[in-house]
Every structure is written in C-alpha cells, then in structure tokens.
Amino acid sequence: MIQPISDNDFQRLVNFIKAEYGITLAEKRQLVTSRLSSMLSDQGYTNFSDFVTNLLKEKNPQKIEQLLNRLTTNYTFFMRETEHFEFFSKVVLPDLVRKHQSKKVMAIWSAGCSSGEEPYNLSMYIKDFLGPQAGLWDTRILATDISQKALATAKKGIYELPDTIPDSWRKRYFKKVEGNHYAVSPEIRNNVIFQTFNLMDPIRFRVKFDVIFCRNVMIYFDQPTKDALVRRFYDATVPGGYLMISHSENLSKDAPYVTVAPSTFQKK
C-alpha cells in the first residue's frame with residue numbers, strides 16, 4: 001500500500017513536470033495519486049517521497065516517460081475534428097500549391113502527433129489533392145511527440161480503422177493485416193518523419209512551417225505556458241502560414257495570429 005503523497009512531495013513533483021514539460025498538475029492531486037500508485041508499487045516504492053527524490057535526482061528518461069504516459073492521454077483517431085481537414089483540403093492546400101508551384105515543397109508540422117493518425121491523415125488529403133502531381137512534390141510532414149511509446153506505435157502504422165475512413169482510402173492507403181487491423185501504405189508512411197520533441201524546448205527546425213497542427217495538446221498547459229508556446233509557433237510559421245488547434249482549446253485575445261475559421265489561425 002502506497003502512503004498518501006505529502007504536500008511537499010506533491011509540490012516538488014508538480015514543479016518539476018511544469019518546468020520541464022509544461023504540464024500543469026497543481027489541481028490534479030487525486031489524479032496524480034491514483035494514476036501513479038500502481039507504478040510506484042511496480043518499481044518497489046512504498047511512498048511518494050522516495051520516488052520523487054529519486055526521480056528528480058536521476059532524471060531517468062525512461063522513467064520520466066512512463067510517468068508522463070500515466071498522467072496524460074495519448075488518445076487520438078483518424079478523421080478527428082473533420083472540420084479542420086475540410087478547411088485544410090479546401091482552403092490551405094490550394095493556397096500552398098499556388099505559393100509553392102515553383103519549388104513544389106510544403107512544410108507541415110504535426111506537433112504532439114501521439115500515435116500518428118493525424119500526420120497520416122494529412123498525407124492522405126495531400127495525396128488526394130495533388131493526384132498525379134503528388135510525386136513531383138516534397139510534402140513530407142514532420143510529426144513530433146514527447147512520448148517514445150506513442151511514436152513507436154506511430155512508426156508501426158497499424159490501426160483499427162473507424163467507419164469514418166472513406167472506402168476509397170481504405171483500399172488505396174491501407175492493407176489489411178489481421179482482423180480489423182490495417183497497415184498504412186508505404187506511400188503514406190514515407191511521407192511522415194517522426195521525431196521526439198518537447199514543446200517546451202526552443203523551436204529550431206531548419207525550416208519555418210506553412211501549417212502547424214497542435215490539437216489537444218495545450219489542454220495540459222496553463223495560460224502563460226500556452227501563450228509562450230503560441231509565440232514560439234508564430235515565430236516558426238511563415239507569413240501567411242496557419243496554426244490549427246482543437247475545438248476544446250483557445251488562444252488569448254492578444255495572440256499574434258488572426259482567426260480565419262473555428263480553431264484555425266493565420267499569420268498575416
């Protein structure tokens with residue numbers, strides 16, 4: 001039986017996770033206790049004090065990731081919030097094709113990609129939109145997440161498909177492997193580059209982005225952390241580029257982007 005977490009140990013844990021990963025847990029003491037107790041038992045601890053002390057001392061990446069996986073939900077699915085994909089295919093893609101007709105390169109970032117459905121979904125819309133011209137374009141999507149476990153699932157690219165996946169996509173972009181499980185086609189898999197990245201770190205990728213998708217990630221952050229991240233996104237976006245967040249999230253009134261559609265923003 002794990003002893004209840006003390007005020008001091010809870011604060012030490014909350015401060016560490018907030019400083020390193022931006023995740024705010026100050027109001028979630030019961031969640032922290034319930035989700036971590038079995039993990040502590042599995043690791044041989046009888047109390048939170050020893051666990052927190054060793055965690056802060058060792059800063060073992062594997063143990064920290066296990067902790068974060070317990071405290072956050074890497075839940076996503078294909079065709080999530082389809083309004084974004086419709087705006088992407090009807091407004092954003094025509095805009096990008098006009099802008100980049102000469103170089104034929106798009107820069108798109110799925111930030112907090114979890115198990116990979118979002119960047120694969122975007123690739124399918126891109127391939128459909130470009131049609132026979134798709135092979136002439138570099139449309140590779142950068143997909144990042146802090147969780148190695150989520151990225152391992154994403155790289156594997158095997159999923160149970162929801163009914164919302166169009167039959168034409170099911171036939172063209174997936175191959176049935178067993179039961180209701182399908183593997184993403186090489187054409188789509190090769191269009192996504194998966195990489196570990198902590199959104200609290202400086203954004204120093206070699207290109208600025210035409211589109212940044214960051215959906216259902218900022219729900220874990222407090223407002224100052226969200227605002228700072230949005231400013232970093234803004235600096236990493238090309239003029240005229242887009243940011244899309246989930247419908248359950250919002251930007252501050254003084255955010256630098258201009259609203260162009262629900263939960264969709266543009267750098268003017």
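How many bridges pair strand 9 (residues 258-261) with strand 10 (residues 264-266), and in which sense? The first legend below takes up this question.

The views show a predicted model, in which local features need pLDDT of at least 70, side-chain atom pairs count only at pLDDT 80 or more, and totals for chains, interfaces and linings use all residues. Residues are numbered from 1 along each chain as its sequence is written, and side-chain values use heavy atoms, with hydrogens and water left out.

**View 1. The hairpin of strand 9 and strand 10.** Strand 9 and strand 10 pair in the antiparallel sense over three bridges; two strands pair if DSSP finds at least two bridges between them. Helices (H or I, at least four residues) and strands (E, at least two) are DSSP runs, numbered from the N terminus. Val-258 of the pairing stands opposite Gln-266 in strand 10. Two residues lie between the strands, and Ser-263 in the turn has a positive phi of about 60°.

View 2. Four antiparallel bridges join strand 4 to strand 5 (residues 181-184); Lys-176 has Tyr-182 in strand 5 as its bridge partner.

**View 3. Helix 7 (residues 148-156) and its buried residues.** Ala-150, Leu-151 and Ala-154 are buried, where buried means under 20% relative accessible area, exposed over 50%, and partly exposed in between (1.4 Å probe, protein chains only). Seen down the axis of helix 7, its buried residues fall within an arc of 95°, so they line one face of the helix; the arc is that of the directions from the helix axis to the C-beta atoms. They pack against helix 6 (117-130), strand 2 (141-145), strand 3 and strand 6 (192-196), contact meaning heavy atoms within 4.5 Å. The face turned away from the buried side carries the exposed residues Lys-149 and Lys-156. At the N-terminal end, Ser-147 caps helix 7, with a side-chain oxygen 3.3 Å from the backbone nitrogen of Lys-149. Gly-157, which follows helix 7, has a positive phi near 70°.

**View 4. Aromatic pairs, of which the structure holds 17.** Rings of Phe, Tyr and Trp (its six-membered ring) pair if their centres lie within 6.5 Å; planes under 30 degrees apart count as stacked, over 60 as edge-to-face and the rest as tilted. Phe-16 and Tyr-21 are edge-to-face, at 6.3 Å centre to centre and 80° between the planes. Tyr-120 and Tyr-159 are also edge-to-face, at 6.2 Å and 75°. This pair links distant parts of the chain, with Tyr-120 in helix 6 and Tyr-159 in strand 3, 39 residues apart. Tyr-120 is buried at 1% relative accessibility, and Tyr-159 is buried at 5%. Ring pairs also link Phe-85, Phe-88, Tyr-125, Trp-169, Tyr-173 and Phe-213 into a cluster.

View 5. Phe-87 and Ala-261 are 174 residues apart in sequence, yet 8.2 Å apart in space, C-alpha to C-alpha. Not counting residues up to four places away in sequence, Phe-87 touches Val-92, Tyr-242, Met-244, Val-260, Ala-261 and Thr-264.

How values were computed:
Polar contact = N/O pair within 3.5 Å; in protein donor to acceptor, adjacent residues only side chain to side chain.
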